[in-house]
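Q: I have a model open here. Can we go through the pocket first, then the sheet and the helices?
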Amino acid sequence: MEGRPDAMSSASQARAEHADAPVMVDNDTVAREARVTFRVGPGNPPGQRVIAVANQKGGVGKSTTAVNLGAYLAIAGARVLIVDLDPQGNASTGLGLDHRQVEHSVYEVLTGDVDAAAAIRATAVTNLNVLPSTIDLAGAEVELVSTISRESRLQRALTTVRYSYDVIIIDCPPSLGLLTVNALAAADELLIPIQCEYYALEGLGQLLRNVDLVRANLNPQLRIGGIVLTMYDGRTRLAEQVVYEVRKHFTDIVYRTVVPRSVRLSEAPGYGVPIALYDPLSRGGIAYRDLTLEFAARTGLLMSTVEGAS
């Protein structure tokens, strides 16, 4: 039952006992605990994919989606890098990094002081790395205003590490400023989490207009990869109505998997681990596992599935 204090997985217990540093867990063990019955790889056709997770509204599950999608992809066999482009650094802390102990961050990478490879850190999940953020990133937009090709700083920075990974996931800040533009300029596709609450679609039109501007001026290959419905509460008619309206307006680009509100999803970042290591069989854990399978199938990363397990 969700919310039990004793529901933590064995992998998460190992991590919690060594909170001072990431303790690498065996992905095969985690896959069995999480019942991950699929394998992913470089993709068909082969090639790296850069995914920007963005929505200018805050609190819609961007960091939660970036962290848990990345974790399940890594558990299923992909080499994954999460780029934390939010000054709040939620993706970094959700993967066990202490901001006070981050020597180099994405801020130094964007300013050109440090190569991306020097700032990348390992996490508790094998094959899942993170390019962390700190509060220093809050000043980056002002500092980069006078910089040549300021909208493409992240794209250029990632060229040195891009081919070391199958998937790069960029967690964007809750704004449409220069940092988000950098993410869209570097990305192959955009993943948009939408909260199943009132005003869910507010501001989405402006985000899509910005996508059109980025396509026209910076990144013609950028496409809308999909919309993920998050924080669904099946007890309310409002949540059902939001799901209906989003599916009505955006049809096939909306993912079938809907992520519910979940106490366990909220607790996991406090232990510095994704839900797959904390409570994989909670409603939130199952939802992100299923979302990852759907994502892998859509993007050509899915290699195989095992029937009869869920």
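Q: Which helix gives the largest share of the lining of the largest pocket?
A: H3 does, with 5 residues. This is a predicted model, where local features need pLDDT of at least 70, side-chain atom pairs count only at pLDDT 80 or more, and totals for chains, interfaces and linings use all residues. Residues are numbered from 1 along each chain as its sequence is written, and side-chain values use heavy atoms, with hydrogens and water left out.

Q: What counts as a helix, a pocket and a lining residue?
A: Helices (H or I, at least four residues) and strands (E, at least two) are DSSP runs numbered from the N terminus. On a 1 Å grid over the protein atoms alone, a pocket is an open set of points where a 1.4 Å probe fits, with protein on both sides within 12 Å along at least five of seven lines; lining residues have an atom within 4 Å of a point.

Q: Which residues lie nearest the centre of the largest pocket?
A: Gly61, Lys62, Ser63, Thr64 and Asn90, out of 23 lining residues.

Q: Which helices supply at least two residues of that lining?
A: H3, H4 (90–94) and H12 (263–267) each do.

Q: Now the sheet: what is the strand order?
A: The sheet is open, with 8 strands in the order E4-E5-E3-E6-E2-E7-E8-E9 and mixed pairing; two strands pair if DSSP finds at least two bridges between them.

Q: Why do E4 and E9 each have a side without a neighbour?
A: E4 (121–122) and E9 (254–260) stand at the edges, each with a single partner strand, so one side of each is left without a neighbour in the sheet.

Q: How do E8 and E9 run, and how many bridges join them?
A: They run parallel, and 3 bridges join E8 (residues 223–232) to E9. Tyr232 has Pro260 in E9 as its bridge partner.

Q: And H2, which residues meet H3?
A: Asn27, Val30, Ala31 and Ala34 in H2 meet Tyr72, Ala74 and Ile75 in H3, where contact means heavy atoms within 4.5 Å.
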